[in-house]
Amino acid sequence: MTSERPSISVFFPAYNDAGTIGSLVITAFHVLPELTDDYEVIVVNDGSSDYTAQVLDDLATKYPRFRPIHHPKNRGYGGALRTGFASATKDLVFYTDGDAQYDPNELRDLYQVLTPEVDIVNGYKIARSDPLHRKIIGRIYHHGVKFLFGFKLRDVDCDFRLIRRKVFDVVNLESDSGTICLELVKKLQDAGFNFAEVPVHHYHRTYGKSQFFNFPRLWRTLIQLLQLWWKLVILGKHLKEQAARQRALGRDAG
């Protein structure tokens, strides 16, 4: 019976998260044996300038199933996620951020609703634990992107996801910035993959600073968002590419 349980890759993108990343990795190693016998934990260190690399290398000496990946230079949040997805080797891929604003213990809740018909289990924040200005920016962002991209999820901005790795045989990600979450959900939605949603807790950041919702980056984020909208909604080139990949996979399966 145990052998039928799908294998799981857990990965955390990390950028200057030395104060939190160790506890996330250890928590993942406590949770995973309850869910499967075949698992791995990966951290993508995206060119951190604090002591994140040292923490990860130390953890690697203690946990044989742990794999740190170090980017020599910062590639952006999208770059870190793309490395994580490409490096995952198991049937299921779970990821959340290295800043510990989400609790990996709640992976159990996502796993429980993963039926054979579900391809992605997406968390949604019960309540956002952020300063007021971030809550306001987050709310405007949420409604804006939902309207622009036609999202059906209640919380596209919740980076707490359990995904069947096979979806990446169809979906190809290209973004290097924080807009990769929009690209991911839009392409998964357009490819016809099925989502389930689970409420998760969101906690105050205890270490480091946000790399996304800060005022100097807002203009750049807006430009990137509009460029992505033009590419995915107006041009829609990914639709043909995804359809071709699905046809090829169908032929291979046949």
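## A walk through the predicted fold

R65 lies over the face of Y39, at 4.1 Å from the ring centre, where a charge is said to sit over a ring if NZ of Lys or CZ of Arg is within 6 Å of the ring centre and within 35 degrees of the ring normal. R154 is placed over the face of Y124, likewise at 4.1 Å from the ring centre. The model is predicted, and for that reason local features need pLDDT of at least 70 and side-chain atom pairs count only at pLDDT 80 or more, while totals for chains, interfaces and linings use all residues. Residues are numbered from 1 along each chain as its sequence is written, and side-chain values use heavy atoms, with hydrogens and water left out.

The protein chain has eight helices and seven strands; here helices (H or I, at least four residues) and strands (E, at least two) are DSSP runs, numbered from the N terminus. Of the 254 residues of the protein chain, 52% count as buried, and buried means under 20% relative accessible area, with exposed meaning over 50% and partly exposed what lies in between (1.4 Å probe, protein chains only). Among the contacts in the protein chain with a separation of 6 or more, 81% come from residues 24 or more positions apart, a contact being heavy atoms within 4.5 Å.

On which strands does β4 find its partners? Strand β1 (residues 8-14) pairs with β4 in the parallel sense over four bridges, and β4 pairs with strand β6 (residues 160-164) in the antiparallel sense over five bridges; two strands pair if DSSP finds at least two bridges between them. L92 can be followed in both pairings, as the bridge partner of I8 in the one and opposite R164 of β6 in the other.

In soluble globular proteins, nonpolar side chains tend to be buried together. A nonpolar core is a set of buried Ala, Val, Leu, Ile, Met, Phe, Trp, Tyr and Cys residues joined through side-chain atoms within 4.5 Å. The largest nonpolar core has 35 residues, and those with the most contacts inside it are V10, F12, I21, V25, V41 and L162. The elements that give two or more residues to this core are β1, α1 (21-35), β2 (39-46), α2 (52-62), β4, α4 (107-112), β6 and β7 (195-200), and α1 gives the most, with eight residues. V25 touches F12, V41, V43, L59 and F66, not counting residues up to four places away in sequence. Apart from this core lies another, of 23 residues, among them A88, V167, V171 and L188.

Aromatic rings give a further view. A search of the whole structure finds 10 aromatic pairs, where rings of Phe, Tyr and Trp (its six-membered ring) pair if their centres lie within 6.5 Å, and planes under 30 degrees apart count as stacked, over 60 as edge-to-face and the rest as tilted. The rings of F149 and F151 have their centres 5.4 Å apart and their planes at 15 degrees, so this pair is stacked. Elsewhere, ring pairs link F11, F85, Y95 and F168 into a cluster.

F151 lies in the loop between α5 (132-149) and β6, and at 4% relative accessibility it counts as buried. Leaving aside residues up to four places away in sequence, F151 touches V145, K146, V156, L182, V185, K186 and Q189. The C-alpha atoms of F151 and Q189 are separated by 8.0 Å, although these residues are 38 residues apart along the chain. Helix α6 (residues 180-190) is mostly covered, with 10 of its 11 residues buried, and G192, whose phi is positive, near 85 degrees, follows this helix.

The last topic is the cysteines. A disulfide is a covalent bond between the sulfur atoms of two cysteines. When a disulfide is taken as a pair of cysteine sulfur atoms within 2.5 Å, the count comes to zero. The sulfur of C158 is 9.7 Å from the closest cysteine sulfur, in C181, which is too far for a bond. C158 counts as buried at 0% relative accessibility, and C181 is buried with a relative accessible area of 5%.
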